[in-house]
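Please look over the sequence and the structure shown below, and then work through the questions and answers that follow.

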Amino acid sequence: MTSVSKRNWQALADSLRAAGERRLVLVEGEPEWCRSWVSGCLEMLDTSQALWVGRAEDAELAGVTGITSKQFKRWLGRETGVLVWDGWQGNPPDGLAALAGTLKAGGLLFWLMPPLESWSTFSDLDYLRTGLDQVERHPFAARMARVLAGDPDVIRIRPGDGPRVLPELDSALPFFEPTTTPEQSRLVSQLVRFGLGRRRRPLVVTADRGRGKSAALGMAAAELLLGGRQSVLVTSPSVDSLTSFFRHAEARLEGQLASRSGHELVTMGGQSVRFIPVQDLLAGKPDAEVVMVDEAASIPAHLLRSILLSWPRVAFASTVHGYEGTGRGFSIRFRQVLDRETPHWQAITLQRPVRWAEGDPLERLVSELFLLSAESPVGLRPLAEDVEVERWHPEKASEMELSEAFGLLVDAHYRTTPADLRQWLDDPVVQSWRAVCDGVTVGVLWAAVEGGLAPELAEQVVQGRRRLRGHMLAQSLATHGGFPEAAVHRVMRVVRVAVSEQARNLGIGQRLVASALAACNEQGLDGLGTSFGGESGLLTFWQASGLQVVRMGLRQEPSTGEFPVQMLRGVSERGVSLGQGLRRRFARHWPVLVPLHWHDLPPRLLGAVSADLPAQELPDADDLRDLVSFSEGFRGFELTLPVLRHLERCPGVVAWLARQEHFSVWCRAVSQGWSWQAIQRDGLCSGQKDGETQLRMLVRQLLQNGPEL
């Protein structure tokens, strides 16, 4: 570690730029001293690309651009030369990891914080947002302090330190020149061939930050216009993240542009490359020969699928180890869609950095701080009998154990972020288990105990007068399920469960859940629950683990586009009673809510949820007469629809229907209320007559061979 005076900072930045490196400057002290010291230091630096993350008045006094930590996404896709991060104003891990990636070679990251030795008890303002503000000790911050204290490339500034010479870099290092890498050039060529080539062969580009993927997209977009394409559309979570894209596209089209702006380039021949927000793109469906999607992992999967199927040539680009922590999860989950819809898709990866040199100390440090490169174990194919499940404490784990476990979560979940790592380590209500084989973590379960609220507070939650941080499942079941006691009872919620790809289908996941269930019994809890993005495979897993559906959310999750499914298994007598009450009520509401809110739910998932719910009474003689008349063609569909909807709530009916060939027609016409035109467009029938014929056949077979009515 090196303590330094405020001399020669620009010389250090110049030498770092020549070497292609960046550095963290950790300024430790009281907040006003830290801010004053950094403000004075900025006077000696080129601040034309400086960004201050913290209070607006501090940025203004320093004469640089300022944002709050909540606004970090606005700056993605841009470059900074100096970054000041005022940790006294809060340290959301996602924002810090993200903005560190905007620093170019020669960049300095000034991090204002209390002394390292006090980090474990530091009252970070960002804890207020996450419910960690009442926690006395913070293992996540303590771990970061250990990492920083052990890194010789971190420059530490503390009050009272005498002046020392700034670190000198190895003069033998080759001079770094940010330029197009051979990898980038190959990517541009591949993108151009893709954009001028055959339809339905999408590209998926993945890279760490600083690899120049956005620049490559921009250069390729320009080349496509020069190659004869009339319209290239680009979309992203924000146009602000496309600064590099448009800068490189504009440079390639120089001398041929009729107009230019921050979101559109138009050539003198009328060709254009244009940004359109995701929602506007899908709502308007404008004509385009090529669509490019940048930062794709930040866009819900169902929207990505819609883009994939709506244009002939689509390229997706995503960060692998970024602030989102979602790149690999995106690749794994979206690959399933690509394999199914466009099996000729291609994957391209950029490895070499463009914005800084390979081996940059800051990239290595940020990756270690936030486990951005954590990967699940590969190669080990255990036998079920060789795997042991044990209680595990991530905050006490070794770095290797923690990296293996967090890597499993990243690979298994669409959106796992550095903030999740902090919550996992710091939240005192967390309980975890891991599955181990020969010392290697092959499975992990993260759970949290929720509920236990006073009855008066639970009533206020149900009435919408109070909303507490944490207690996600307990509050949801109380508020949306309509049972205040759901917030009074104590339930263990499984937040995440993951098993390595090589160790799946061995029952390890169910053994992890069984361990959590045993803990519920030992601790006198009322139940075990979970909430996840609705998907039929996951639903089957949780059913096999003994949980039952108690609720489904009315709105899709932003990260996956899936409706949240909530499941519960009662442990205590009152927990069992709560589950039964929730299920009975949800079953009564189900036929009304399906056509209103789950109109487009996939038939397989719709059938699985419906079959899981408690059945209602059997049809009476009048209903049976109508069903026979409908099956024989004597009664119309619309007149029989109320009876058909009642029929699917009878014991065993949906489970039987789900095994039949025309079940999708039943779901769309009966359960979800689609028009016959929509069902025809979906390719399920040739028209109303054909669709009704399929339904009549289903009812006839049901009456003859189905469950007893």
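A residue counts as buried when its relative accessible area is under 20%, as exposed when the value is over 50%, and as partly exposed in between, with a 1.4 Å probe and the protein chains only. Helices (H or I, at least four residues) and strands (E, at least two) are DSSP runs, numbered from the N terminus. The model is predicted, and local features need pLDDT of at least 70, side-chain atom pairs count only at pLDDT 80 or more, while totals for chains, interfaces and linings use all residues. Residues are numbered from 1 along each chain as its sequence is written, and side-chain values use heavy atoms, with hydrogens and water left out.

Q: How many of the six residues of β1 are buried?
A: In a regular strand the side chains alternate between the two faces of the sheet. In β1, R23, V25 and V27 point one way while L24, L26 and E28 point the other way, and all are buried. The strand is therefore largely enclosed by the rest of the structure, the number of its buried residues being six of the six.

Q: In what order do the six strands of the open sheet lie?
A: Two strands pair if DSSP finds at least two bridges between them. β1 pairs with β5 in the parallel sense over six bridges, and β1 also pairs with β6 in the parallel sense, over three bridges. Three bridges join β2 (residues 50-53) to β3, and these two strands run parallel. The pairing in the open sheet is parallel, and the order is β3-β2-β4-β5-β1-β6.

Q: Which are the edge strands?
A: The order of the open sheet is β3-β2-β4-β5-β1-β6. An edge strand here pairs on one side only, and the two that do so are β3 (65-67) and β6 (155-157).

Q: Which residue is the bridge partner of V27 in β6?
A: β1 and β6 pair in the parallel sense over three bridges. On the β5 side, E28 stands opposite M113. In β6, the bridge partner of V27 is I157.

Q: Within what arc do the buried residues of α11 fall?
A: The buried residues of helix α11 (residues 301-310) are A301, L303, L304, I307 and L308. Seen down the axis of α11, with the arc taken from the directions from the helix axis to the C-beta atoms, these residues line one face of the helix, because they fall within an arc of 160°.

Q: Is L371 buried or exposed?
A: L371 is found in the loop between α13 (361-370) and β15 (388-392). Although L371 is not a glycine, its phi is positive, about 50°. At 8% relative accessibility, L371 counts as buried.

Q: What is the relative accessibility of H471?
A: The place of H471 is in the loop between α16 (455-462) and α17 (472-479). Phi of H471 is near 55°, a positive value in a residue other than glycine. H471 counts as partly exposed, at a relative accessibility of 22%.

Q: How far apart in space are D280 and F175, C-alpha to C-alpha?
A: D280 lies in helix α10 (residues 278-284), and D280 is partly exposed, with a relative accessible area of 48%. D280 and F175 are 105 residues apart in sequence, and in space, C-alpha to C-alpha, they are apart by 45 Å.
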